Amino acid sequence: MPLPVNDTAPVERRLLRDVVYTRLYDGILDGTLEPGETLLDEKLTAWLGVSRTPIREALMKLADIGLVEMAPNRYTRVAPIDLKAIDEAIYTTGLLHEHAARTIVPTLSNVAVTRIEKAHKDVKKAAKSRELPALGHAFNDFFLELARAGGNEVLASVSEGLSPQLLRYISVWDRPFGVDDLPAALGEVLTAIKERDGDAAGDRVKALYARTLAQFLSDYRRNDADIDRTPVL
């Protein structure tokens, strides 16, 4: 007869790995784990209070999205800040979010709009309290909710894959996104979303990312030749 299957242990193990992944992900993005910092198994197990297995699983997943670098028998470390990767991620994310706004907004459900509105409230709260990691997550959630609502799994997956670089953007910018202006700018996008006006939403997303990219390049980016020679800080 078929062997009995115990579902409890695998579920718990998967959830533990996900919890560890979230802790490490947040620790990298909020600066608890600094760019270039070596990640030793024994220190991580002591910090997180878990065994080595879920930590290694989480680290491999973080390596897949560019937040961790792993060289067998040499090092596992937080990926250094790469200005060129951040530039490219912001540019590409802006294009994806503009496309999502133009194509998805006209057919959004009321439930999806409510989720996006909740993310906007979180943006306002984080901006007011100057909680930059929370602001980045709320900003990201605003657009991920939009992307997921469209039912295009590729668009949603690519948007999520670019999220870490977008969020790391905060850690190298003293004035991320124009903190004071961001809630109002997203409020304009939200107004267009509520009206199901895809073109207006797309135009406002495009304007938002244009200002963000221009300020980032002005404040932080060296010339192309210099970045090509030394892309990693």
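Me: Which residues line the second largest pocket?

Reply: Start with the general idea: rolling a probe the size of a water molecule over the atoms shows where empty space is left. In this predicted model, the lining of the second largest pocket is made up of I90, Y91, G94, L95, E98, K206, Y209, A210 and L213. Its volume comes to about 150 Å³.

Me: Okay, and which helices supply at least two residues each of that lining?

Reply: Those are α4 (83-104) and α9 (198-220). The largest share is from α4, with 5 residues. If you sort the lining of this second largest pocket by class, you get 6 nonpolar, 1 polar and 2 charged residues.

Me: What about the largest pocket, how much space lies in it?

Reply: About 190 Å³. There are 13 lining residues, and the ones closest to the centre of this pocket are Y25, N140, L144, E160 and S163. Look at α1 (8-29), α6 (132-149) and α7 (153-171) on your screen: each gives the lining of the largest pocket at least two residues. Here the classes are 6 nonpolar, 4 polar and 3 charged.

Me: Let's move on to helix packing. At what angle do α2 and α3 pack?

Reply: In general, two packed helices are described by the angle between their axes and the distance between the axes. For helix α2 (residues 41-48) and helix α3 (residues 52-64), the angle is about 110 degrees and the axes are 10 Å apart. Angles of 65 to 115 degrees count as roughly perpendicular, so α2 is roughly perpendicular to α3.

Me: And which residues meet there?

Reply: On the α2 side, find D41, L44, T45 and L48; they meet R52, I55, R56 and L59 of α3. By class, that contact has 4 nonpolar, 1 polar and 3 charged residues.

Me: Last topic, salt bridges. How many are there in the whole structure?

Reply: The idea first: side chains of opposite charge can pair when their charged atoms come close. A search of the whole structure turns up 10 salt bridges. One of them joins R102 and D203, whose closest N and O atoms are 2.7 Å apart.

Me: Where in the chain do R102 and D203 sit?

Reply: R102 is in helix α4 and D203 in helix α9, so to speak two distant parts of the chain, 101 residues apart, linked by this pair.

Definitions and conventions: Residues numbered from 1 in each chain as written. Predicted model: local features only at pLDDT ≥ 70, side-chain atom pairs only at ≥ 80, totals over all residues. Heavy atoms only, no water. 1 Å grid on protein atoms, 1.4 Å probe; cavity = no way out; pocket = protein on both sides within 12 Å on 5 of 7 lines; lining within 4 Å. Points joined across faces, edges and corners; volume = space filled by probe spheres on them. Helix = DSSP H or I, 4+ residues; strand = E, 2+ residues; numbered from the N terminus. Nonpolar A, V, L, I, M, F, W, Y, C, P; charged D, E, K, R; others polar. Axes fitted to C-alpha atoms, helices over the stretch in contact; angles between N-to-C directions. Parallel < 35°, antiparallel > 145°, perpendicular 65-115°, else oblique. Contact = heavy atoms within 4.5 Å. Salt bridge = Lys/Arg side-chain N within 4 Å of Asp/Glu carboxyl O.
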